[in-house]
Amino acid sequence: MTQPAATERTSRRALLGAGVLGAALAAAVSRSVAAAPLVSGQEAPGLSAADTDLARFAMQLELTARDLYDAAIADGAGNPVWATIREHHEAYATRLAGLAGLSADTRIDAVYDALVGEFDGSPATAALDLENAAAATHAELLGLVVDDDVAAAMASIGSMEARHALVAAQLAERTDFDSLFLNPATPLSPEA
Amino acid sequence: MHRFNPRLDRRQLLRNGTIAVSMGALVAACGDRSGPTAAGRLGVADEGPSEAEPDVNDIVLLRTAQSLEYTAMAVYDAASGLGVLSPAETDLVRRFVQDHERHAGQLGQLIDGLGGEQFTCENPFLRERAIDPILGALDGSDDLHRDVLNIAHSLESFAGASYQALVAQFENLGLRRAAMQIGGEEQRHSAALALAINPRPIVNPELTGGSADVQDNGMDLPYAIPSQFGLLTGIVLVVGPADDEGTRFNTTLQTPAANTLVYEHQSC
């Protein structure tokens, strides 16, 4: 691996930690929302327009994570744990889409494009950052979403993503307790 | 073959009809089960004031969460005193205790912010109904090290599940975020302990079409990734020595319910 590539990887990784990605994500989400069949402001039966938008945002983040793990597996990431986590993210997207009456078919391309270079055959560090960001985002969304069913789903998903992060940290051979047990990620926000 | 009864005259028909109506009324009366539901009482003394249903509000939920943190700290204190943990495991437990202390402080600040009174001690129901029996069952254990790690793992899993359960109950949405952040750390503790007990496989084989394994005491082997979604089902813990029939003490830790909640009238 060349030094410039390593530098680029580090800077991309830093995007997640610094939360800079939030702005790009917000723009991407705005575009996705506008293009989706169920436009912002429309609501699923029993779900407010605001909750529908929040569920869509979370669903798109989950699909983005799924596709990033797909890229890592295609690049040779052979540990079966990545395939399992990939399946989990797809299931999370399906669950959120079902609650919101959406189709689970739209990832956030801007986020995917920014991170896909990190998800190579050894994705542990990138996975740690992604899972931390996802868990932090669900915690943040829980402070916004009103519907109890969506909230329960997000709590359930966020709980497991915290475990994913711990596993990724172990596979990344992190030994310091802060890396293992704390989540330094800035939550991604559709309103950033 | 049905035959007409020649003895059934008009008067008898009327009488039978009256009986039928009476029976109908009786059956209808028996079918009405909407009578008083209060427990019966003896004597003529005043009933006294009725006890109001305690209010389950955000302060109660936060006090309950704070009590769980103190419960965890107390259990770790007892477990550390047994002297069966390796230096690395002792370091891990020390870190967990620090985290639980921090969580308790964060919850305390949230309680203060709502004008409530902090509950800076163990959950009384859990202590009496779960922790004391669990610690008592360790006497004579054939593998104290295994049991202590399993207790720690179960307790952290229970804490993580409890926060997940509490999140949806908060009226103040901002409290959900705080609870989820703390709950996420408990989940990480649980996953780390699962890896300490069972380094491989990381994922519960049941998630990939296989079968989960059990430990030598019959307790399910823990996995760092035990399920696809965060579960709220009871957490079964098995500890202590086997009796003559090979049975060991076991208990199920359930996420907070009416008995476990720390109401505002309760104090340490």
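Trainee: How do you know that the 37 Å reach of helix H3 (residues 49-74) of chain A is close to the expected value?

Mentor: The helix has 26 residues, and 38 Å is expected at 1.5 Å a residue, against the 37 Å from its first C-alpha to its last; the expected span is 1.5 Å times one less than the number of residues. A helix here is a DSSP run of H or I with at least four residues and a strand a run of E with at least two, both numbered from the N terminus. This is a predicted model, in which local features need pLDDT of at least 70 and side-chain atom pairs count only at pLDDT 80 or more, while totals for chains, interfaces and linings use all residues. Residues are numbered from 1 along each chain as its sequence is written, and chains are lettered from A and ligands numbered from 1 in the order in which they are written.

Trainee: Which elements does chain A have?

Mentor: Chain A has eight helices and zero strands, and 54% of its 192 residues count as buried. One of these helices, H6(A), is mostly covered, with 17 of its 19 residues buried.

Trainee: How do you know how H6(A) is directed relative to H6(B)?

Mentor: Their axes, lines fitted to C-alpha atoms over the stretch in contact, with angles from 0 to 180 degrees between N-to-C directions, come within 7 Å and cross at roughly 155 degrees. Angles under 35 degrees count as roughly parallel, over 145 as roughly antiparallel, 65 to 115 as roughly perpendicular and the rest as oblique, and H6(A) and H6(B) are therefore roughly antiparallel.

Trainee: Which residues make that contact?

Mentor: On H6(A) they are Ala135(A), His138(A), Ala139(A), Glu140(A) and Leu142(A), and on H6(B) they are Arg176(B), Arg177(B), Met180(B), Gln181(B) and Gly184(B). By class, this contact has four nonpolar, three polar and three charged residues; Ala, Val, Leu, Ile, Met, Phe, Trp, Tyr, Cys and Pro count as nonpolar, Asp, Glu, Lys and Arg as charged, and the others, Gly among them, as polar.

Trainee: How many residues of chain A are in contact with chain B?

Mentor: There are 30 residues of chain A in contact with 30 residues of chain B. On the side of chain A that touches chain B, the largest share, 15 residues, comes from H7(A), and by class that side has 18 nonpolar, nine polar and three charged residues.

Definitions and conventions: Buried ≥ 20, exposed ≤ 12 C-beta atoms within 10 Å, placed from the backbone. Contact = placed C-beta atoms within 7 Å.
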